[in-house]
Amino acid sequence: MKLDKNTIERLAAHLETCELGARDTLKITDEYPQMDWDDAYAIQDEIKRRKIARGARIVGLKAGLTSHAKMKQMGVETPVFGFLADYFAIPEGGEANMAELIHPKVEPEIAFVTKAPLKGPGCHIGTVLAATDFVMPAIEVIDSRYRDFKFDLKSVVADNCSSSRFVVGGRMTPVDKLDLRTLGVVMEKNGQVVSLGAGAAVLGHPAAAIAMLANQLGARGEEIPAGTLILSGGVTEAVAVAAGDNITLRIQDLGSVGMRFA
């Protein structure tokens, strides 16, 4: 680590204040170009600690940067990971308040819910599928706190990977009779198709992202508990949204889920 405890706490307070106040900021590596990956996750952990101290509950985890092409482009070997707080959750068919957001975008995802703990090292796709209770469609709303979505990866990890809001719904479907790689994904905005994809767009298999998360946590002596909701990463590029937009996600064999922005 390159940053001291006081600096980590100050940067966490700054980024969380931007999130809660819906205001943007310049990326933090402009001021601290020496910060490393351990610093970035330490800042994210301090944001989580601040939320828990105020009474928020952590209800899940998320993966980002989950395409091999994007990882190669960004010069990293694994996805990045963040957490989901309870107040991020929007009920199926519910509404996100644009006044609480800066410049939101939506991503279609396959959400996993575990029935057994997952811990690395050595976690792989088969381990994840065996520990999965069910999967379902999810829309993640990402909302970077960085001005004009301009950031580097260490800055975005520190900012909890742009986590903001999410909605899950559709059918809670066991994985034993599914090939998650071939599930077709269609996302619509105001009734018009805006993105198409398949589960294989996430690291070749969405469960691979969950395995990488378990292995990364295992290196820190942590595990994914049973009953954890995990967003496995965007199947397509994120789509910008504005007040008045209605978003519907349909995933083959998993049903549909929707939300709107007001």
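**Salt bridges in a predicted model**

Tutor: Let's start in helix α1 (residues 5-21), where Glu9 and Lys5 are four residues apart and so sit about one helical turn from each other. Keep in mind that this is a predicted model.

Student: Okay! What do Glu9 and Lys5 form with each other?

Tutor: They form a salt bridge, and their closest N and O atoms are 2.5 Å apart.

Student: Why can side chains pair like that?

Tutor: Side chains of opposite charge can pair when their charged atoms come close.

Student: Is Lys5 buried or exposed?

Tutor: Lys5 is exposed, with a relative accessible area of 61%. Glu9 is partly exposed, at 29%.

Student: New topic: which residue does Arg10 pair with?

Tutor: Arg10 forms a salt bridge with Glu31, with 3.7 Å between the closest N and O atoms. This pair links distant parts of the chain, 21 residues apart: Arg10 belongs to helix α1, while Glu31 lies in the loop between α1 and α2 (37-53).

Student: And is Glu31 buried or exposed?

Tutor: Glu31 counts as exposed, at 53% relative accessibility. Arg10 is partly exposed, with a relative accessible area of 40%.

Student: What about Asp176, which residue does its side chain meet?

Tutor: Asp176 meets Lys177 in a salt bridge, at 3.9 Å from N to O. Asp176 is exposed, with a relative accessible area of 62%, and Lys177 is exposed too, at 75%.

Student: Which residues are joined into one network?

Tutor: Glu16, Glu19, Arg50, Lys51 and Arg54 are, through salt bridges that share partners.

Student: How many salt bridges does the count come to?

Tutor: The count comes to 19 salt bridges.

Technical notes
Residues numbered from 1 in each chain as written. Predicted model: local features only at pLDDT ≥ 70, side-chain atom pairs only at ≥ 80, totals over all residues. Heavy atoms only, no water. Salt bridge = Lys/Arg side-chain N within 4 Å of Asp/Glu carboxyl O. Helix = DSSP H or I, 4+ residues; strand = E, 2+ residues; numbered from the N terminus. Buried < 20%, exposed > 50% of the residue type's maximum accessible area, 1.4 Å probe, protein only.
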